[in-house]
Amino acid sequence: MTSGDLPVQRRLAVLIDADNAQPAIIEGLIREIVKYGIPSVKRIYGDWTTPNLAGWKSALLDHSIQPIQQFRYTVGKNATDSAMIIDAMDLLYTRRFEGFCLVSSDSDFTRLASRIREEGLLVYGFGEEKTPKAFVSACDKFIFTKVLLPQGEAESANRKQETNQLKANTKLVSLIRSAIEAVSDDGGWANLGSVGHHIAQQSPEFDPRNYGYGKLSELVSAIGLFDIEERLHGSSRAKGIYIRDKRKK
């Protein structure tokens, strides 16, 4: 395959709020970001004269992330947010990117995410579960950083939920059922990929990993309220997964 045959990947600007992110997520963060595109710019913002950011030093070197110094001129005021927002707008106006990755749990970036999307660019948010809903909803996709932790820590933070727990989660069940209803055929069957796409549009923070499952198909199967069927398509005989609400039988 020649270079001209390679698929074009999105160019992404990665902006990290060091005051609201932990160095432990960096390996998982980079692995996650490259699923969506090429991190052409990687910057991290904070007051690097303070000892609480010392843990980031090796992570920045290993992943070629550019630290941006922002002094705390006034106690209680987050100058880091302002610097990151200004840089984001400067990068936006260069028209060189197809998307932004904003790494923070701070609601101050809600308007920034909305503004970037108004320009037709994608916004991927990364933050802790405490992240305000407004910021989460302002992103095209939001990933909780607990799923990005190193394996041992991730297993502890993302313990697999059992069937009874999942069935009792009415918000989760309703989300999947409404997505199936929206994209299903006359027989009630819906392509799993289409279901996942519809869910993502309704709930940017949805991720099977939040429940301890690596794939949507695994999560749906574990819930136990849906029929699952594999089908072969076309001359390539490619497999497709379809699901249906068991109540539709």
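Two strands count as paired if DSSP finds at least two bridges between them. Strand E1 (residues 11–17) and strand E2 (residues 38–46) pass that test, with seven bridges in the parallel sense. The model is predicted. It holds an open sheet of six strands with parallel pairing and an open sheet of three strands with antiparallel pairing.

**The six-stranded sheet**

- The strand order is E3-E2-E1-E4-E5-E6.
- E3 and strand E6 (141–144) are the edge strands; each has a single partner strand, so one side of each lacks a neighbour in the sheet.
- From one strand to the next, the twist averages 20°.
- Helix H1 packs on this sheet and touches E1, E2, strand E4 (99–103), strand E5 (122–127) and E6. The direction of H1 makes about 155° with that of E1.
- Helix H4 (residues 110–118) also packs on the sheet, in contact with E4 and E5. The direction of H4 makes about 160° with that of E5.

**Strand pairs and crossovers in that sheet**

- From E1 the chain passes through helix H1 (residues 26–33) to E2, in a right-handed β-α-β crossover.
- E2 also pairs with strand E3 (residues 66–69), in the parallel sense, over four bridges.
- Gly46 has its bridge partner in E3, at Gln69.
- E2, helix H2 (residues 57–62) and E3 form a β-α-β unit that is right-handed.

**The three-stranded sheet**

- Here the order is E7-E9-E8.
- Strand E7 (190–191) and strand E8 (226–233) lie at the edges; each has a single partner strand, so one side of each is without a neighbour in the sheet.
- E8 and strand E9 (residues 238–245) run antiparallel and are joined by eight bridges.
- Ile228 has Ile243 in E9 as its bridge partner.
- Helix H10 (residues 216–223) packs on the sheet and touches E8 and E9. The direction of H10 makes about 140° with that of E8.
- Asp227 stands opposite Arg244 in E9.
- E7 pairs with E9 in the antiparallel sense, over two bridges.
- Opposite Ala190 stands Ile243 in E9.

**The largest pocket**

- Helix H9 (residues 192–202) supplies four residues, the largest share of the lining.
- By type, the lining of the largest pocket has five nonpolar, four polar and six charged residues.

**The second largest pocket**

- The lining has 13 residues, and Phe144, Lys171, Glu205, Asn210 and Tyr211 lie nearest the centre.
- Helix H8 (residues 170–183) gives the most to the lining of the second largest pocket, namely three residues.
- The lining of the second largest pocket splits into five nonpolar, four polar and four charged residues.

Definitions and conventions
Residues numbered from 1 in each chain as written. Predicted model: local features only at pLDDT ≥ 70, side-chain atom pairs only at ≥ 80, totals over all residues. Heavy atoms only, no water. Nonpolar A, V, L, I, M, F, W, Y, C, P; charged D, E, K, R; others polar. 1 Å grid on protein atoms, 1.4 Å probe; cavity = no way out; pocket = protein on both sides within 12 Å on 5 of 7 lines; lining within 4 Å. Right-handed = clockwise from strand over helix to strand, strands pointing away. Contact = heavy atoms within 4.5 Å. Axes fitted to C-alpha atoms, helices over the stretch in contact; angles between N-to-C directions.
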